[in-house]
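Biologist: I'd like to learn how to read helix packing and salt bridges in a model. Could you walk me through it?

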Amino acid sequence: MDYDVVVVGGGPVGLFLAGELRLGGAARVLVVERLAEPDETIKAGGINTAGGVALYRRGMLPDLAAAWERNRWRMRAFLGDRGPDAPRTPPKFAGHFAGIMMRGDLFDDSDPAFTDIGPADGVGLGIPQIELERILGARAERLGVEVRRGVELTGFDTDEDGEDREGGEDGEDREGGVVVHLADGARIRSGWLVGCDGGRSTVRKLAGFGFPGTEPEITGYQAVVEMTGGERLGKGWNTTDVGTYVNGPFPGRILTVEFDGPPADRSAPITAEELQAALRRVSGVDEVTIHEVHSSTRFTDNARQADGYRRGRVLLAGDAAHVHSPFGGQGLNLGLGDAMNLGWKLAAVVRGDADESLLDSYTAERHPVGAWVLDWTRAQIAVMRPDRHARALRRVVTDLALTTTGTTYLVKQISGVRQRYELPGAHPLTGHSAPDLELSDGTRLGDHLHAGRAVLLDLADDPKLRARAEGYGDRVDVLTAACPARPELTALLVRPDGFVAWAANGTDGTDGNYRSDDDLDDVLARWFVAS
């Protein structure tokens, strides 16, 4: 093989996944990206708590903090910053549901879902996607990932069926894997192929994944412009008889939504006249004039999800696996979660330390999360429609949102802290993102996940427990420390992606306590192969 894994798509998800693969021990990882330079078109404006925690667990918190500092002026509308003395720490959250903004004074951060999140909470808010892509690109380079830009995938063939995919040549002698065909004529032999090439994924189409979902009903624009008459526009999110528009959170950034069906051609150039007409229609402000467009994009609420995330040696992640409207800022975070989940598993298979069946857990765990996000965005579309029934529903949802219970519920969904994988085990932490425990040696649990390995955390100084991990070599790090703030916990097994695979309270199983060694052997064997 020329490479262990070829990743198609050099956006944040593809770059993060490539880094995870190298961190997990895949020796030869290639990213091919169609664009010659990073796309600076305005896209996602930040990552949520779950996305920030994932990057923090890989040691990127200083990079995120520096990016936030560079871009904090973008958050002025959220922070109430009207002068030079802007707050220098991120807010705990910033978000909306269908344009209904959450109020910080109604957010109950004592909710158990927000316990022990750690220092990454809120640090990704206000960081433009292009900044995140640069951070992840630099990390991938440090880890030894090869990135080829300006190169497009045109086809591939696999050894599962010998079938050509748009330009492959049958009958080639292959020892398992995929032969990737690029537009420059190169042919690359790889063990695995991962499509991170966006909502119109070539990999997904050529591999034959089903992509069911719901049809779009809106045309949306997001842009950064130079305009006059903008002082007549409402600030922030605004709902009108025609649709919805956004003015802010930084000067010149606009967004419009009209329920007139999808655009005839999403890829056609966007003109200042087109944006101006849409903004005037939705806002009702005829005096606003757009003179220059710095960045712009169209979007719809097309909501679709691949029927599975793996077909043989071809996998999908990010928008290649699921598309939806941008409302609530879930898409980028969903893709980062895909990469975090898939990276260590595929790397283990590449190393020969796990059977290919381990990859079945990728779809089993991430597909339900993607399905939930699609429904979350569909619900927002239902509340944003301009008809009388939807507007009546919006008033009810607004009333509920402007309560402590309602705000806290919505923030839990927006932030991603509600995610849980259905893993076997009775402990309430099992399947959840691990709490970022503050340990007696001054470190936090997240500090010990930078290397991308699992951690067996012994909080009771139990040599019998530690002995259970013998034989797992460099796949499971064993850490002994105390956690005074959580005296009920005696042990945690945290997977490389930061999710709890097993946990224990107590050591003897009496009085309803969990035994520290009850099913640990089975759990270790399920996720890791002993040497």
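This is a predicted model: local features need pLDDT of at least 70, side-chain atom pairs count only at pLDDT 80 or more; totals for chains, interfaces and linings use all residues.

Biologist: How do H1 and H5 cross?

Modeller: Two packed helices are described by the angle between their axes and the distance between the axes. Here the axes of H1 and H5 come within 9 Å and cross at roughly 25° (lines fitted to C-alpha atoms over the stretch in contact, with angles from 0 to 180 degrees between N-to-C directions). H1 and H5 therefore count as roughly parallel (under 35 degrees). Helices are DSSP runs of H or I, at least four residues, and strands are runs of E, at least two, numbered from the N terminus.

Biologist: Which residues of H1 and H5 make the contact?

Modeller: With contact meaning heavy atoms within 4.5 Å, H1 brings residues including Leu15, Phe16 and Glu20, and H5 brings, among them, Leu132, Leu136 and Arg139.

Biologist: What does Arg139 form with Glu20?

Modeller: A salt bridge (a side-chain nitrogen of Lys or Arg within 4 Å of a carboxyl oxygen of Asp or Glu). The closest N and O atoms of Arg139 and Glu20 are 2.7 Å apart. This pair links distant parts of the chain, as Arg139 in H5 and Glu20 in H1 are 119 residues apart. Arg139 and Glu20 are both buried (under 20% relative accessible area; exposed is over 50%, partly exposed in between, with a 1.4 Å probe and protein chains only).

Biologist: How many salt bridges does the structure hold?

Modeller: It holds 35. Another one joins Glu215 and Arg304, at 2.4 Å from N to O. Glu215 sits in the loop between strands E9 and E10 and Arg304 in strand E15, so the pair ties together parts 89 residues apart in sequence. Glu215 is exposed at 58% relative accessibility, but Arg304 is buried at 16%. There's also a network of salt bridges linking Arg310, Arg313, Glu356 and Asp360.

Biologist: Which residues of helix H13 are buried?

Modeller: Residues three or four places apart in an α-helix point the same way, because there are 3.6 residues a turn. In H13, the buried ones are Leu520, Val523, Leu524 and Trp527. They cover an arc of only 100° around the axis, so they're on the same side of H13 (the arc uses directions from the helix axis to the C-beta atoms).

Technical notes: Residues are numbered from 1 along each chain as its sequence is written. Side-chain values use heavy atoms; hydrogens and water are left out. Angles under 35 degrees count as roughly parallel, over 145 as roughly antiparallel, 65 to 115 as roughly perpendicular and the rest as oblique.
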